[in-house]
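Work through the exercises below with the sequence and the structure in view. Try each task before reading its solution.

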Amino acid sequence: MSAAPVPPLPASAEAGTATATATATATPTATATATATATATATLTPGPRPVELRLLLTPPPARRAWRLVLARAGAMCMVELQKLRHDRTELYTRAVQPALWLLIFGETFTRIHAIPTGGIPYLDYLAPGIIAQSAMFIAIFYGIMIIWERDSGVLTKLLVTPTPRAALVTGKAFAAGVKSVIQALVVVVIAALLGVALTWNPLRLLGVAVIVVLGSAFFSCLSMTIAGIVLTRDRLMGIGQAITMPLFFGSNALYPVAVMPGWLQAVSKANPLSYEVDALRGLLLGIHAHLALDFGVLAVAAAVGVTTASLLLGRLAK
Amino acid sequence: MTTPPAAGPADPDATVDADPNAAPAPQPDTAPNVAANPQPRTAPDATPDVRLDEPAVRCTDLSYSFGDTRAVDGLNLEVAQGEIFGLLGPNGAGKTTAIRAITTLLPVPAGKISVFGLDCARKRMQVRRVLGYVPQQLSADSGLTGRENVDLFARVFDVPRSERRARVDEALTAVDLTEAAGRLAGTYSGGMVRRLELAQALVSAPRLLILDEPTIGLDPLARASVWDCISQVRAGTGMTVLVTTHYMDEADEHCNRLALMHRGRIRAMGAPGDLRADLAAQLGADPARVSLEDVFRHHAGSGLTGADHEGGDFRDVRRTRSTAARLR
Ligand SMILES: Nc1ncnc2c1ncn2[C@@H]1O[C@H](COP(=O)(O)OP(=O)(O)OP(=O)(O)O)[C@@H](O)[C@H]1O
Ligand SMILES: [Mg+2]
């Protein structure tokens, strides 16, 4: 056990500084025992397996304010990417639905010319709507996931770390964004394969990523907010099903606002998904869009979502 | 939107690391080795204002109810720094509720709980920085590898990037999971998951490790290995451990002091040997024949027979008699 595969710390220089910080932070804090052991590498005598502890004697320094929030968001996104690396099936299964939408609905309606799209093929018109839809489906799933994490103890443990609830929710929201962006990429590729003339301008694609992240942040917070209200997975599943379809059909994802009846136009105006779709159309197809308004609405919606979801997160801890 | 009942704007959690050091940190006169270190680091936020002259945990008349269920009912508890303190009690005694209150998961009024002198209601972030917590249910993320599970906790405790890998390695080595670190936690056995959770808790070098039934559902060997990890790390770091268990042999062997909880209150407290000796003296029995289980039965009663609902003196007499009868 002596040759533990720990990357060897430079015995002199770095161990020296480690000990120095140990005593420094220990000054107001450590128990007598800890200080005593901190001065040298602690080798434990009892038990069959002596363990060397060096770094684990010193609490890490705290990050503060926005750097803390950024670090938490980074940590949550990292978890998402790691999970995707271990198991990509979700990425593929979630690509089936958008592919079918584009292939069947898109191709058919392109032929019928039933929907006024302002001169572009309906398939092209539909593609940004389907990207937004698949991103929304992923984000809506986050409420269910957070309840699952509560039930399995993962969330409980995170709530006992120095992570303010707002930072935790922000982290989750960004993680949803990262996952949605990856999913959006898949749909973009499918659309391109079906012959949709999308932009490949990197700046515009960056804009697409920003819009998708903001939209997913909002929808994940919406579902985490509902999770904080209903508290059980079964209820949330029902509600999740009940809201995703109206959100989708009550937006401009499938048809322009102009062809909707008045009441549906009002719904669509209040629906952040419409703004997301509008921005994606503008960025991906280069048609006229209200980019500044879309961005503003989505940013505000995401901020409001983070706030309400963090206020309700405590209910999940009880 | 409905008004959030849980957290109002006054929720200290809403702010980031609420005011670490508005007032200068109380300098206990016991401050050690200032001389040894000529340049004490002046980053006040780096270290919570942990007090040396305060117990690791102090609960003062703590109560908590779920609706009509009074889960914790006037709990008074002090855990000294550096000890392994065991919280025992029958199912539903309120152990987990008490622990969740201490870990800042449940909202409690200010002044009820302090951890190293930090009030759990007022200084949540600072309290969390000194806590390592392993909940009752197995809680590793099954979709991540062992290393990634520990790495996540290194990140959320702000371990600097330069140190992260080495620290995670050290934590994994301490719980003997180096070889399995690359496997998904979903493939781990119960004992391995528990040790992984210990590594997650240890990576931030907590001063207080809180373990809620760390050996629940484990085979005897896995139980022993979990306790090995706990005692080795405790010996190496001098951290305080607060643990609950239903295994009397574990409590007897590993805990410096025990509290026996029943219906939300402490019924007996002391070193395992003292608890046994006290009961033996009370019954006039041979101390060698009194086990911790007898102590447990004596104080927790047999809740099913209804004897527990009889009040006052009569119950005490009856209880003493029945314990004595068992030991005869
Ligand atoms: N979330 C909750 N909602 C309602 N009641 C609860 C909740 N959690 C605990 N209780 C109740 O509070 C009481 C104390 O429960 P607690 O989990 O603290 O006991 P415990 O001592 O940890 O028991 P065990 O040994 O079974 O883990 C029980 O009567 C339990 O039913
Ligand atoms: Mg419990």
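This is a predicted model: local features need pLDDT of at least 70, side-chain atom pairs count only at pLDDT 80 or more; totals for chains, interfaces and linings use all residues.

**Exercise 1. Describe chain A: how many helices and strands does chain A have, and in what pattern?**

Solution. 
1. Count the elements: chain A holds twelve helices and two strands.
2. Turn to burial, where a residue counts as buried under 20% relative accessible area. Of the 318 residues in chain A, 55% are buried.
3. Look at the contacts in chain A with a separation of 6 or more: 74% of them join residues 24 or more positions apart.
4. Finish with the surface. Chain A exposes about 13300 Å², and 70% of that area comes from carbon and sulfur atoms.

**Exercise 2. Find the order of the strands in the open sheet of chain B, then explain why β2 and β5 of chain B each have one side without a neighbour in the sheet.**

Solution. 
1. List the strands in sheet order: the four strands of this open sheet in chain B run β2-β1-β4-β5, with antiparallel pairing.
2. Go to the edges. There stand β2 and β5 (118-119) of chain B, and each has a single partner strand, so one side of each lacks a neighbour in the sheet.
3. Examine one pairing: β4 of chain B, residues 113-115, is joined to β5(B) by two bridges, and these strands are antiparallel.
4. Name a bridge in this pairing: Ser114(B) has Asp119(B) in β5(B) as its bridge partner.

**Exercise 3. Describe the surroundings of ligand 1: how many residues surround it, and which are the closest?**

Solution. 
1. Count the shell: ligand 1 is surrounded by 14 residues, and the closest are Asn91(B), Lys95(B), Thr96(B), Thr97(B) and His246(B).
2. Sort the shell by class: four residues are nonpolar, eight are polar and two are charged.
3. Check the side chains for polar atoms facing oxygen atoms of the ligand. In Thr97(B), a polar side-chain atom is 2.5 Å from an oxygen atom of ligand 1. For Thr96(B), the distance from a side-chain N or O atom to a ligand oxygen is 2.6 Å. For His246(B), the corresponding distance is 2.7 Å.
4. Consider the cover: on its own, ligand 1 has 630 Å² of accessible area, and the protein covers 65% of it.
5. Identify the elements that give two or more residues to the shell: they are β2 (69-79) and α1 (95-102) of chain B. The most comes from α1(B), which gives three residues.

Key. Residues are numbered from 1 along each chain as its sequence is written. Chains are lettered from A and ligands numbered from 1 in the order in which they are written. Side-chain values use heavy atoms; hydrogens and water are left out. A residue is near a molecule or strand if one of its heavy atoms lies within 4 Å of it. A polar contact is a pair of N or O atoms within 3.5 Å; within protein, one must be able to donate a hydrogen and the other to accept it, and residues adjacent in sequence count only if both atoms are side-chain atoms. Accessible areas come from the Shrake-Rupley method with a 1.4 Å probe; for residues, only the protein chains shown count as cover. Ala, Val, Leu, Ile, Met, Phe, Trp, Tyr, Cys and Pro count as nonpolar, Asp, Glu, Lys and Arg as charged, and the others, Gly among them, as polar. Buried means under 20% relative accessible area, exposed over 50%, partly exposed in between (1.4 Å probe, protein chains only). Contact means heavy atoms within 4.5 Å. Two strands pair if DSSP finds at least two bridges between them.
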